[in-house]
Protein chains: 2
Amino acid sequence: MILPSALLTDQYELIMAQGYWRLDMAEREAVFYLGYRSNPFDGNHVIACGLAEVIKFLTHYAFSESDIAYLQSCRAPDGGTLFSPKFLQYLSELKFTCDVDAVPEGTLIQPKEPFLRIQGPLLQCQLLETALMNFVNFASLIATKASRVYLAAQGDSIMEFGLRRAQGPDGGVTASRAAFIGGCHSTSNVLAGKLYGIPIQGTQAHSWIMAFPNELEAFRAFAKTMKSNTVLLVDTYDTVCGVKNAIIVGKELRSEGHDLAGVRLDSGDVGALSKITRKMLDEAGFEKTRIVVSGDLDEYRIEELKQSGAPINAWGVGTRLITSHDQPSLNTIYKLAAIKNSDDQWDYKLKVSDHVKKTTMAGIHQVRRYFTNDHFIGDCVYDLNLGITEEFLPGSDQYEDLLVPIFRKGNLLYEQPSILSMQSRTKTQLKQFLKNAESYPVTLEPKLSDLQKKLGAKIES
Amino acid sequence: MILPSALLTDQYELIMAQGYWRLDMAEREAVFYLGYRSNPFDGNHVIACGLAEVIKFLTHYAFSESDIAYLQSCRAPDGGTLFSPKFLQYLSELKFTCDVDAVPEGTLIQPKEPFLRIQGPLLQCQLLETALMNFVNFASLIATKASRVYLAAQGDSIMEFGLRRAQGPDGGVTASRAAFIGGCHSTSNVLAGKLYGIPIQGTQAHSWIMAFPNELEAFRAFAKTMKSNTVLLVDTYDTVCGVKNAIIVGKELRSEGHDLAGVRLDSGDVGALSKITRKMLDEAGFEKTRIVVSGDLDEYRIEELKQSGAPINAWGVGTRLITSHDQPSLNTIYKLAAIKNSDDQWDYKLKVSDHVKKTTMAGIHQVRRYFTNDHFIGDCVYDLNLGITEEFLPGSDQYEDLLVPIFRKGNLLYEQPSILSMQSRTKTQLKQFLKNAESYPVTLEPKLSDLQKKLGAKIES
């Protein structure tokens, strides 16, 4: 949604870029990888998402005249200019020329697995850090959250309607797309519907009910306009009275050859109320009228309601999905893993830290996933130069390398699948993963692991 | 940042709009208010933000040809078209003609106080619900969070650098603006710098350090390019060694007539490390070199570090501010409060609910704030038709009505202040508020309160 701007970056990326340029290191070839540290929500997986935004950004990557003029105006704390005219000249002519490999959207991934790798001039790789992280971090978080909601709902319909509480307009559009890829069936967000072809859905607001002299009149008026698609919000004044009024209107609809599609419960003890509502509807002959529930729902609450046997047919999930309420950020990282030295040889790089968890991985990585027709067996991260010895993990008879070519020398090779097939990928991968979810094995290929240890020891000493 | 699109709305707003249009209620005059239910972060206030986006959106409000074409293509669950051609014709000619009053950005507000009021044709007020909530919800949340970080830092410099973990590109830009209005001194987000004139700042990344054969060379190279603006990231391998290397480079800088501006600690026990670092720097004669700290900071952590006497001069705050980590959404509401009946008389409206907290307010509201030169005394919500009796609250000698005219009949009246004066407004209001923060009184004007009770009782019966 955002107009791609090369200024979508942190100030220090530009400072470092200028430094590399001054030191004649701008064109030195480097490899960075993008991954994440740990699974969110105490869960077992992440669903990769956001690649479309990466592609759009890199395809249009350029510093505009006004970007350059702005950078020209920037001052350092000591009052001097922040960027030299010659460097800005260089930026104004900069073209994106890197190789990018990434996992397709809707791929289930694991911590420590690179899900995007970029290789090219050090300056470009550095400048792109912030934007690349921004594009995949939030989208992957929301796709992951949605996949958990999808699993909890056990096949019931999930309507995402978080736009009003989303992180700004673009946050909402990004999130609606990611939520669909993660498994939601529809969105309330009309703009996301237009942009991405996601089915849009909705019912009615309390303000509709309040705009009429009473609830019954409000229901009648809505049924008149929606006919067979009427879903009535029954909790504005009192839910049980609301269901009674909905049944009256349902009967009127029937007399005109239509049916009452559903009622929506949006407050109160929706578990108990759904049982009462179901009974009232059934006794009145509205067995097919669906019960839609909304209000602070997430995977935990849906699971709870499912377990209590609440007869709910569809779930409207908003705020807690769209803001990823219980963990609103994914701890993605973007790290230098290799750089060519002045002899044009690869120097493999890692960062150690007081926190073992924050140690990074050296190498030019690929991720191999071993599986059978039925399910995933395990993943192995290997280095493209060191290679991989084992053909199959025990129990597997197939494998797939997860990172696929997206850009070569700045040219887009990758053809993006439809959003529907991204969603299918998520659903299929979840199914293949679930059997081993609790202790899914991800290993470092032995030669890469050895190298990693050697480099670590070298830094320690 | 987003291209204003009238489709930035929930599907049900359009469904209801069509319903009102079919029932000949589209032009009936209505009043809606936008407020929020409770203070976030167990705090005592919210800083209003996001009005600029509201103004941009409403100024350009229109359904484009492609919007209409998309709506034409939408199907109802029963397979019929969702919108009638005549209604779409109506939408394509729709112009924004409402009155809008709102509190200026940077205003400190309280739960139950309307901070935006819209009056105009029912159809327009309904259609705008989602977008208006979206614009102010996230921005106000982040401005509020930033104001808490600002208070915790007690005047220290706060650099916001959350872009990489922000909720999408636009989420990042929106958040950087809101964080500045809430009290941050600068942002790392270059695009936000360009768009809003916020000062940009930054240091360097671990990848810079890793791109060189060793840390000392990396520091030297950076100092060469940054001179007196050099801030060195000392934790890539080992913080204490890093500070030693920084001191070596600091001495080299001095021999060239510059000084070492700062060091940044980004991991480990930054409280203890900052004390060690300060001692090492002081002993080496670098008393003026500043210590910058970053890494999972928020108002709680800053307060803790402040209390422990950690000698930290500047704070880099990212993820936890930009995603509002401990409460990633504000519970804003947008409610119908009055509507003209067929006799052109105002019907005041409220919604009751099993949850008392969810009961809404009837009326055409204004908020009066009573204060002295020094501090706020209390707020009173009153109805414009019923008026307000008391001139001053005890202890006050001035008052201000918080909602100011923004649009009249769709025309923009309001001149937006600079972003810097929005930030000043926040800081001044925080200062005036703090004395009574724990139990700040917000009352309903007695005549409005009576009416509210009468309407509630009528619904109950």
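Me: How confident is the predictor in chain A, on average and by share of residues that score at least 70?
Reply: This is a predicted model, and chain A averages a pLDDT of 94. On a scale that runs from 0 to 100, 98% of the residues score at least 70. For the complex, the predictor gives an ipTM of 0.93 and a pTM of 0.95.

Me: What makes chain A and chain B count as being in contact?
Reply: A pair counts if the C-beta atoms lie within 7 Å. By that cut-off, 84 residues of chain A touch 84 residues of chain B. On the chain A side, α1 (11–22), α5 (122–152), α6 (168–181), α7 (190–196), α8 (206–210), α9 (215–226) and β12 (332–340) each bring at least two residues. The largest share, 8 residues, is from α1(A). By type, the side of chain A that touches chain B splits into 37 nonpolar, 35 polar and 12 charged residues.

Me: How do you know that the copies meet through the same surface?
Reply: Of the interface residues of chain A, 100% are also interface residues in chain B, so the two copies use the same surface.

Me: Which domains is chain A divided into, and which residues do they take in?
Reply: Domain 1 covers 11–61 + 96–143 + 328–460, and domain 2 covers 148–322. Taken over C-alpha atoms, their centres in chain A are 39 Å apart. They do touch: the contact takes 16 residues from domain 1 of chain A and 14 residues from domain 2 of chain A. On the domain 1 side, α5 and α14 (419–434) of chain A each supply at least two residues, and α14(A) gives the most, with 6 residues. That side of domain 1 divides into 10 nonpolar, 4 polar and 2 charged residues.

Me: What share of the residues in chain A is called buried?
Reply: The cut-off is 20 or more other C-beta atoms within 10 Å of a residue's own. Buried residues make up 54% of the 461 in chain A.

Me: How many helices and strands does chain A have?
Reply: Chain A has 15 helices and 19 strands. Its C-alpha atoms fill a box of roughly 85 × 60 × 40 Å along the principal axes.

Methods
Residues are numbered from 1 along each chain as its sequence is written. Chains are lettered from A and ligands numbered from 1 in the order in which they are written. This is a predicted model: local features need pLDDT of at least 70, side-chain atom pairs count only at pLDDT 80 or more; totals for chains, interfaces and linings use all residues. Helices (H or I, at least four residues) and strands (E, at least two) are DSSP runs, numbered from the N terminus. Ala, Val, Leu, Ile, Met, Phe, Trp, Tyr, Cys and Pro count as nonpolar, Asp, Glu, Lys and Arg as charged, and the others, Gly among them, as polar. Domain bounds come from an automatic or database domain assignment. A residue is buried if 20 or more other C-beta atoms lie within 10 Å of its own, exposed if 12 or fewer, and partly exposed in between; C-beta atoms are placed from the backbone.
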